[in-house]
Amino acid sequence: MKPTIYRLLSLLFLLSSTLWTACKKEAAPEKSVAMQAPFVTVEAADVPIYSEYAAQTAGDIDLDLVSRVDGTLTGIHFKDGQFVKKGQLLYTIDPLPFETQVEQVRGQVAMAQSRLANAQEELNRIKPLAEMNAVSKRELDAATADLEAAKANYKSAKASLQNQQLEKSYCQIKAPMDGIIGISKVNLGDYINRMGATSKLNTLSKLDVVSAKFTVSETQYLQHLKALKAGDKNAFDQVELVLSDGSVHPHKGKLDYADNRIDPSTGTMTIKAGFPNPDKTLRSGQFCKVRFASHTEKNALVVPQKAVTEMQGIFQVNTLNDKNVLELKIVEVGSKVGENWVITKGLNSGDRVAVIGNQFLQPGVPVVPVPYVAEPLTKSTQAN
């Protein structure tokens, strides 16, 4: 009996030792592994700052085609939206009423010409008789006056004929220049009234150069002016046109003019930029953005926007100290440049800034620094 008890006690002791050893192993803390943190080294550099403004395009010339006579539209000789050449016939208005007027005035010209010839013959007949004192001087003066009146009447009739012929020519509306014709605002059979709403037939646009108009605030205008006066070589260089789909027009433009006044109702100034359009892809009325380098930030410190966090208007970045431990710093930000942000206060050249993005890393945590691979930069809007 005793040997059996001894064997049971030995077995219980062995099990207790095994359980105690297992619990002790589970309770042992594991050694933590430091997470990687991409970083950039801040360096001072001159950075061009880009401004971007909402704009709308217009043709180099947008010419309204307007009827100068009243009448029924009898012909449309183009397709909407096609390219037309200077002198090409576009519209025809019924010329019959004007042809009738021309013939009537042509008859008046013939009558005036006949009267002029009779007056000339009468003066030629009386003049020798007057020299012989066969007729009175009064008759000579009357014949001379009749000739002058006949000349004036003939001249007036000819002018009236030219005017009627000109009116008739207005029945044919031709393209005054090369360009893109718009959608016709009138249809065949419409009665065109030169003084009414139907007088405007269409719009012809010259699109070799397309302009983009935009407005800047008075403050922005003064900033741009200072940059120009300071001789900033980057200011207003390489003006770009960003289309509504985000693509950039392949041809760079230039600033053409600025208005001569600030609009007191809005506090803004209108500026126009011109862009070459050799393939005619740009059309009037497109909404777009105009983008250009407005000035250069000297010795600017730039970090990726992903490295900057904002909380209740306070901007912060995580820096790495000599022991590769995260330290939180409060900074002040300036302009955005592509995917980066200019830091105006809180950092020094040579600081290492962690770009941790959405990683949950707290200040005071040691990390393994790895170089940050920046994404391709795109020029963006300057916050003014």
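Residues are numbered from 1 along each chain as its sequence is written, and side-chain values use heavy atoms, with hydrogens and water left out. Because the model is predicted, local features need pLDDT of at least 70 and side-chain atom pairs count only at pLDDT 80 or more, while totals for chains, interfaces and linings use all residues.

The largest nonpolar core has 19 residues. Such a core is a set of buried Ala, Val, Leu, Ile, Met, Phe, Trp, Tyr and Cys residues joined through side-chain atoms within 4.5 Å. Buried denotes under 20% relative accessible area, exposed over 50%, and partly exposed in between (1.4 Å probe, protein chains only). Leu-90, Tyr-91, Ile-93 and Ile-181 have the most contacts inside this core. Two elements, β5 (89–93) and β9 (200–217), each give it two or more residues. The greatest contribution, three residues, comes from β5. Helices (H or I, at least four residues) and strands (E, at least two) are DSSP runs, numbered from the N terminus.

A second, separate core has 18 residues, among them Ile-180, Ile-271, Ala-273 and Val-290.

Gln-164 lies in helix α3 (residues 137–169). Its relative accessible area is 16%, so Gln-164 is buried. Beyond four places in sequence, Gln-164 contacts Gln-101, Val-102 and Val-105.

Five aromatic pairs were counted. Rings of Phe, Tyr and Trp (its six-membered ring) pair if their centres lie within 6.5 Å; planes under 30 degrees apart are stacked, over 60 edge-to-face, and the rest tilted. The ring centres of Tyr-53 and Phe-214 are 5.4 Å apart and their planes are at 15 degrees, so this pair is stacked. Tyr-53 sits in strand β2 (residues 44–66) and Phe-214 in strand β9, 161 residues apart. Both are buried, Tyr-53 at 7% and Phe-214 at 2% relative accessibility. Together with Phe-292, they form one aromatic cluster.

Charges also sit over rings, with NZ of Lys or CZ of Arg within 6 Å of the ring centre and within 35 degrees of the ring normal. Lys-336 lies over the face of Trp-341, 4.8 Å from the ring centre. Arg-352 lies over the face of Phe-39, at 5.6 Å.

The disulfide count is zero, by a rule requiring two cysteine sulfur atoms within 2.5 Å. Cys-171 is buried at 1% relative accessible area, and Cys-288 is buried at 7%.

Note on methods. Contact = heavy atoms within 4.5 Å.
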